[in-house]
Amino acid sequence: MIGVAINDARAVIEALADPETLYVFGVVAARTSKLGLPVSERAGSTPYVTPFGLMRETALSREVVEAAAQRLKRAGLLETLVDDERGYESWRISEAALAAAANDSDVARGA
């Protein structure tokens, strides 16, 4: 794949092939997406989703959520914000990874 955001296409496919990981990815994408916002509101920073928010949204355990997040991070699909004081990470979709994937799609289609 083009770019440094996604280093291993196989890792991306393997991560998203796991149903729970795909579910977590979808929820993170939906919760952090700015696509539905007016253009004037898209300029701010993209929020992060906590493991507790994901647990509430998905009804998955913290262990399952964190394992899915680790797979997504290894695949280059998540950005992480570490809260050392509280002892957990929060996540958002890596915009660089999505841009790299979109560029690869354009290249694959001959655009």
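Is Arg71 buried, partly exposed or exposed? In this predicted model, which keeps local features at pLDDT of at least 70 and side-chain atom pairs at pLDDT 80 or more, totals for chains, interfaces and linings use all residues. Residues are numbered from 1 along each chain as its sequence is written, and side-chain values use heavy atoms, leaving out hydrogens and water.

Arg71 turns out to be partly exposed, with a relative accessible area of 25% (buried is under 20%, exposed over 50%, partly exposed in between; 1.4 Å probe, protein chains only). Its side chain meets that of Asp18 in a salt bridge at 3.2 Å, N to O (a Lys or Arg side-chain nitrogen within 4 Å of an Asp or Glu carboxyl oxygen). Arg71 sits in helix 4 and Asp18 in the loop between helix 1 and helix 2, so the pair ties together parts 53 residues apart in sequence (helices are DSSP runs of H or I, at least four residues, and strands runs of E, at least two, numbered from the N terminus).

Another salt bridge joins Glu66 to Arg62, with the closest N and O atoms 2.9 Å apart. Both residues belong to helix 4, four residues apart, or about one turn of the helix.

Arg92 counts as buried at 16% relative accessibility, while Glu79, at 24%, is partly exposed. Across the whole structure, the search finds six salt bridges.
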